[in-house]
Amino acid sequence: MTEYLAVDGGTIAYEVTGSGPLIVLAHGMGDSRAAYRAVIPPLVAAGHRVAAVDLRGCGESGADWPEWSRTAIAGDLLALIRHLGGPAVLIGHSVSGGAATVAAAREPSLITAVVELAPFTRKQSVRLGDLRVGRFRRGMLRLLGAGLFGSLPLWRSYLDLAYPGVRPADWPERLGRIESLLREPGRMKAMQGMGRSAPTDAGAQLGNVRCPVLVVMGTLDPDWADPHAEGSAVVEALPSGLGRLEMIEGAGHYPHDQFPDQVVSLVLAFLRSDAARA
């Protein structure tokens, strides 16, 4: 059941399932909390209270916002965690991976651990040699086109690359829901705003994170020429010993949707190991 939280600038939609230690799930741009539909049941079965949130401008949240930065998104996530009675484990995908970094650095008492799925958490740069990687070159052009022109066909074309090989059983319904939401007033503007927001604010906070961090990357993610190198760079920018990187073979930019069982297994093992260490 959808619930709503009024925050500074608008209204955030979310739903809560289960009971136990809190996990908050935040999706990427152009998406909604439905991206985690296959992840929620096993996390609940493992004994967690799971809150899946629609980012500002997305899903059932308000569409009109003054800012789309990772720092702004982090503020919304922290407000939700306070409202639900944190602390929480914060799981963020893509743009929300950077927002999770900012949230953990800003309010360490509210965040016990962070999981970043294919995160944009650092300043990005493209080397000439990167363009020789076909999936990266095609993905970058489609992303840029979708952002520049607000084009649904280009966004769908990007998603074709972002889900290489394995796709969810409900793939046609998934695409239909994404396209339907992006046709609503203000939703494409939100995606474009997030796409234009540089991850430099998140990168500046990596060294200030104090909780354990798991970074999960797909080996075929078209958003980077070398996904392993990007994930390693995020881990290396964290304080020593806090971060770890896991790669999922064959996954693109949506590992939690392509391989939800693997992602859940990695998350639960990560949380058990860090609880034992603490």
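Val126, Leu128 and Leu131 make a nonpolar surface patch of about 280 Å². Keep in mind that this is a predicted model, where local features need pLDDT of at least 70, side-chain atom pairs count only at pLDDT 80 or more, and totals for chains, interfaces and linings use all residues. Residues are numbered from 1 along each chain as its sequence is written, and side-chain values use heavy atoms, with hydrogens and water left out.

**The patch**
- Patch residues have over 30% relative accessible area and no salt bridge, with nonpolar side chains (Val, Leu, Ile, Met, Phe, Trp, Tyr) joined within 5 Å and like charges within 9 Å.
- A salt bridge here is a side-chain nitrogen of Lys or Arg within 4 Å of a carboxyl oxygen of Asp or Glu.
- Leu128 sits in the loop between strand 6 (111-117) and helix 4 (134-149).
- Leu128 counts as exposed because its relative accessibility is 68%; the cut-offs are over 50% for exposed, under 20% for buried and partly exposed in between (1.4 Å probe, protein chains only).

**A cis bond**
- Gly86 and Pro87 are joined by a cis peptide bond, with omega at about 15°.
- You'll find Pro87 in the loop between helix 2 (70-84) and strand 5 (88-93); helices (H or I, at least four residues) and strands (E, at least two) are DSSP runs, numbered from the N terminus.

**Positive phi without glycine**
- Ser94 isn't a glycine, yet its phi is positive, near 55°.
- Ser94 lies in the loop between strand 5 and helix 3 (95-106), and it counts as buried because its relative accessibility is 8%.
- Ala118, also not a glycine, has a positive phi of about 45°.
- Look for Ala118 in the loop between strand 6 and helix 4; at 0% relative accessibility, Ala118 counts as buried.

Definitions and conventions
Accessible areas come from the Shrake-Rupley method with a 1.4 Å probe; for residues, only the protein chains shown count as cover.
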